There are 2 protein chains.
Amino acid sequence: MKKIINNPNDVVSDMVSGMIQAFPEELEQIDGTMVIKRKELSSNKVGLVSGGGSGHEPAHAGYVGKGMLDAAVAGEVFTSPTPDQILEAIKAVDTGHGVLLIVKNYTGDVMNFDMASELAESEGIKVEQVIVNDDVAVEDSDFTTGRRGIAGTVFVHKIAGAMAETGATLNEVKEVAEKTINQVRSMGMALTPCTVPAAGKPSFQLEENEMEIGIGIHGEAGIERKPIASAEDIANELTQKVFDDLGLQSGDEVAVMINGLGATPEMELFILQKHVNHLLENKRLSVFRTYVGEFMTSLEMTGCSVTLLKLDDQLKSLLEAASEATAFRV
Amino acid sequence: MKKIINNPNDVVSDMVSGMIQAFPEELEQIDGTMVIKRKELSSNKVGLVSGGGSGHEPAHAGYVGKGMLDAAVAGEVFTSPTPDQILEAIKAVDTGHGVLLIVKNYTGDVMNFDMASELAESEGIKVEQVIVNDDVAVEDSDFTTGRRGIAGTVFVHKIAGAMAETGATLNEVKEVAEKTINQVRSMGMALTPCTVPAAGKPSFQLEENEMEIGIGIHGEAGIERKPIASAEDIANELTQKVFDDLGLQSGDEVAVMINGLGATPEMELFILQKHVNHLLENKRLSVFRTYVGEFMTSLEMTGCSVTLLKLDDQLKSLLEAASEATAFRV
């Protein structure tokens, strides 16, 4: 295992310390937890909390900031945070207007956020949840009933966050988050596995000439292993599947996210982007905005995902609203 | 070689196409070249051009935008761009106020930017150059007389770019760029090599338990190969060397950049940041701003660099000025 770490069991607490020290004016840690919250909350707004296993950075702490999340809960690597920590996050960000939880669809996350939600409600806090399940690759998986939540989650953070900043009610914020979830789809692939620090060895193997289509962000099995294809073929395969699943039509307007899984050179993401864009042009889609970079990673996995979000005027204006999140400045 | 590419000989042109398509409102390509320029130049300002071999993304095209560079010239992977392409960039961004070239100290880049500069001057354009040599690891290297230019270059882009936006003269912009160069130092290390697409195999080898301290961003030899140390020891070794070389004193104010070389999980960069910050606190330095991410990469190399920039009021205000560069929004 080649990693820049100290004790493998301390990676999350070491990382959270580093994040707080990097952005001392923007972020703070809730004592005794792995919760990162905005140092100064906007008053009079719905609180937004997300989180999940660590190893997907900048998700989710990088999306904490004015205009996006109010707090993110970091679980152990690839492991859901515990309900008590999620509860602390909910309590810390509630200003009396209720809290929306944005949860990626993994069994552990769904269960723990749900439990935290009940605990918070028993303390008198209004809590709603949305479950992101944008990954079109597989219907169920090792860690999921139903589709997995991956990079599309970042669009949900952005849009719900912008809506909350307008002073919308909890139900209105939930509604736009659900609309975003209904209109966002993703699919990924990988060339190499990743290694959970505490495990010390890769979670799976791929042959030197092999890639896996439809893989999950924890290395969960995808659809197919096959010889490495060209960037053009990879872009076309991922984008076509997402396009079909969304039921897009000529003339529709979309936002595009080309996401690296951790170790993919930016050069390769832009090469993919060229072909994704070409396919969308051929289908006469209108691309409103493109995001290329690392948004939802899987430690040092080499690979990518393609996300399309179908837009309307409301979503466009929320997507373009200001964000001060450290990993998503608009 | 596991890469998401098409023909290995087309990686740069494919990437540049993807970049332009990702940011069609911000960027354009000069026909027949690998030059990326701002679509709309600010008038009445000094032009800023940088560039170098590709494979260091987001350097340099990601730093093109209002408040930073006006154009970036992309050479082949790890290969200097040719003088004729640099000349096209200079001509495209000159609005009559002259052009400053920001060049990383590699023999090929220095030679080709110098030649382009002479060609431009023979066409009546005033051109000045600055050479960035922030890497304290080695005095000379395979590709350099004197120290190499690495991630500190991004601070030079930012500060010179902000100065140019104020309407400063060519000499004034050059002066602040040189001041930045005098006050910025970096040092890096790697755990794994990278593969130039056209070569198809790694440029060097490191054993499974081995790291290399002081390595360059093309895999040039560093100072020492040794067993992988803890994040704390790595942070201390790199930061102490940079600290000493800059001659920093208790009470000095600095900007910090923790840079990933391409395949290092963000988690590990934040773990490093924790220890860099701790060392600087112990030395009673004041940290004005911290940047953690991938700013100057080496394809899919795993590793990092630490950069410190000694600040004064002028540099602080220029560092904080607005930037619309796609990879460095302020």
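Modeller: The sulfur of A:Cys304 lies 15 Å from the closest cysteine sulfur, that of A:Cys194, which is too far for a bond. A disulfide here means a pair of cysteine sulfur atoms within 2.5 Å. A:Cys304 is also buried, at a relative accessible area of 0%. Buried stands for under 20% relative accessible area, exposed for over 50%, and partly exposed for values in between (1.4 Å probe, protein chains only). In chain B, B:Cys304 is in no disulfide, and its nearest cysteine sulfur, in B:Cys194, is 15 Å away. B:Cys304 counts as buried too, with 0% relative accessibility.

A word on the basis. This is a predicted model, in which local features need pLDDT of at least 70 and side-chain atom pairs count only at pLDDT 80 or more, while totals for chains, interfaces and linings use all residues. Residues are numbered from 1 along each chain as its sequence is written, chains are lettered from A and ligands numbered from 1 in the order in which they are written, and side-chain values use heavy atoms, without hydrogens and water.

Now the symmetry. Chain A superposes on chain B by a rotation of 180° with 0.0 Å of shift along the axis, at an RMSD of 0.0 Å. In chain A, A:Ala263 has the C-alpha nearest the axis, 1.9 Å from it. Both copies use the same surface: 100% of the contact residues of chain A recur in chain B.

Next, the contact (heavy atoms within 4.5 Å). Chain A gives 57 residues and chain B gives 57 residues. The buried area is about 4600 Å², with 60% from carbon and sulfur atoms. That is accessible area (1.4 Å probe) lost on putting two parts together, summed over both. On the side of chain A, A:Lys2, A:Ile4 and A:Met267 lose the most area to chain B, together 21% of what that side buries.

Last, the charged pairs. Between the chains, 6 salt bridges are counted. Each needs a side-chain nitrogen of Lys or Arg within 4 Å of a carboxyl oxygen of Asp or Glu. One salt bridge joins the side chains of A:Asp14 and B:Lys274, at 2.8 Å from N to O.

How values were computed: Least-squares fit on C-alpha atoms with pLDDT ≥ 70 in both.
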